Amino acid sequence: MHAWIDQALWCLDRQQAAVLVTVAWVQGSAPREAGAKLLVSAGHQWLTIGGGHLEWKAAEFARARLRADDGPDRWIEALPLGPALGQCCGGMVHLLFERLQESDRTWLDALRAGLQSPAGCMREVGLGGQGVAPWVRVSALDAAAEDFSATGPDADRLLRPDPVLGCLTLREAVRPDPLHVVIFGAGHVGQALVHILGTLPCQVTWVDARDDLFPDVVPANVSIEATDTPEAVIDEAPPESCFLIMTHDHALDQRLCEQLLRRDDVAYFGLIGSQTKRRKFEHRFRARGIAPERVARIVCPIGEPGIEGKQPAVIAVAVAAQLLRLRSERERQSAAPVRAEAHAH
């Protein structure tokens, strides 16, 4: 999730002094992973690096710098969670602090622009020293940058000495989340599901012809398609997308299912309804000559098994859990070859 970029720009737009805190290196157990962010102003804070005493201490460091007239704009604090903070995680967390100024708008805008590309980009923060001035750069991801990827063998360490300059450097890959969810239907379940997915690491396309059902404000990771031709959205969705068909009209559901069954690159295909609805649709698809193995790809009823209930919010939680499990499985699969190669060397 990259809400921190928009939030940091929001602070700059309002000339609100703020410090960006990044988990730069985790040794042992910790509340959050490397790359997690916290944004702190004099009176507010946004996002989280795990709560508890660690987050309280980070906010205290940040606000002390905001009150000071001088001091570094970027620095590292190493916090042992057990001895220093009394947290039972027991690991060590290295935090990067960055006091944001108007000059930081350049790289924040570059990150926002970089997220429009499927490949994303890399942010590099050099702390400087011994005649080397600190810097922040945004560049395209390349082979060197991939070594600092969150899916690589050193996912818990974004902070390392620069091999040329010798100073500490944080490098983090900033990519659009690979989980793309297309939701057909802006009814009660669709509303509840978008509310949850708006807080999770994914990109959502929300489709319905009934424009008046969409809320005036949607989360930053949600885009609305008010269209009378939803089949076109299926054709235009990127490979390995997740589709959820939950419209108000069974005939429309069936039409969308038939369109979606033509694709061979779908990561998840969910249809809202009961076992009875599934059997009826299977019978109709067989009559149209659709192969049984294709029909078997449909998840109906939808949602993680064991989560019972017909309330829209319960269904939405069950579906979100199913999508998150899929996302975790995909991350493990993509990380496995990288780790295997690292061990081979």
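The buried residues of helix α8 are covered by elements that include α7 (250-260), β14 (268-271) and α9 (292-295). In this predicted model, those buried residues are Lys277, Arg278, Phe281 and Phe285. They lie on the same side of α8, because they cover an arc of only 100 degrees around the axis.

- An α-helix has 3.6 residues a turn, so residues three or four places apart point the same way.
- Arg279, His283 and Ala287 are exposed, and they sit on the face of α8 turned away from its buried side.
- Just after α8, Gly289 adopts a positive phi of about 80 degrees.

**Nonpolar cores**

- In soluble globular proteins, nonpolar side chains tend to be buried together.
- The largest nonpolar core contains 27 residues. Val181, Ile183, Leu193, Leu197 and Leu244 are those with the most contacts inside this core.
- Two or more residues of this core come from each of β10 (180-184), α5 (188-197), β11 (203-208), β13 (242-245) and α10 (312-344). Helix α10 supplies the largest share, 6 residues.
- A second, separate core of 22 residues has Ile234, Phe243, Leu252 and Ile298 among its members.
- Leaving aside residues up to four places away in sequence, Val181 touches Leu197, Cys202, Gln203, Val204, Thr205, Cys242, Leu244 and Leu323.

**Packing of α1 against α3**

- Two packed helices are described by the angle between their axes and the distance between the axes.
- For helix α1 (residues 3-13) and helix α3 (residues 105-114), the axes come within 10 Å and cross at roughly 145 degrees. The crossing of α1 past α3 is left-handed.
- On the α1 side, the residues that meet α3 are Trp4, Ile5, Asp6, Ala8, Leu9, Leu12 and Asp13. Their counterparts in α3 are Arg105, Trp107, Leu108, Asp109, Leu111 and Arg112.

**The chain as a whole**

- The chain contains 10 helices and 14 strands.
- Its C-alpha trace spans about 75 × 50 × 40 Å along its principal axes.
- Of the 345 residues in the chain, 44% are buried.
- Among contacts in the chain with a separation of 6 or more, 59% are between residues 24 or more positions apart.

Methods:
Residues numbered from 1 in each chain as written. Predicted model: local features only at pLDDT ≥ 70, side-chain atom pairs only at ≥ 80, totals over all residues. Heavy atoms only, no water. Buried < 20%, exposed > 50% of the residue type's maximum accessible area, 1.4 Å probe, protein only. Helix = DSSP H or I, 4+ residues; strand = E, 2+ residues; numbered from the N terminus. Arc of directions from axis to C-beta. Contact = heavy atoms within 4.5 Å. Core = buried A, V, L, I, M, F, W, Y, C linked by side-chain atoms within 4.5 Å. Axes fitted to C-alpha atoms, helices over the stretch in contact; angles between N-to-C directions. Left-handed = near helix turned anticlockwise from the far one by under 90°.
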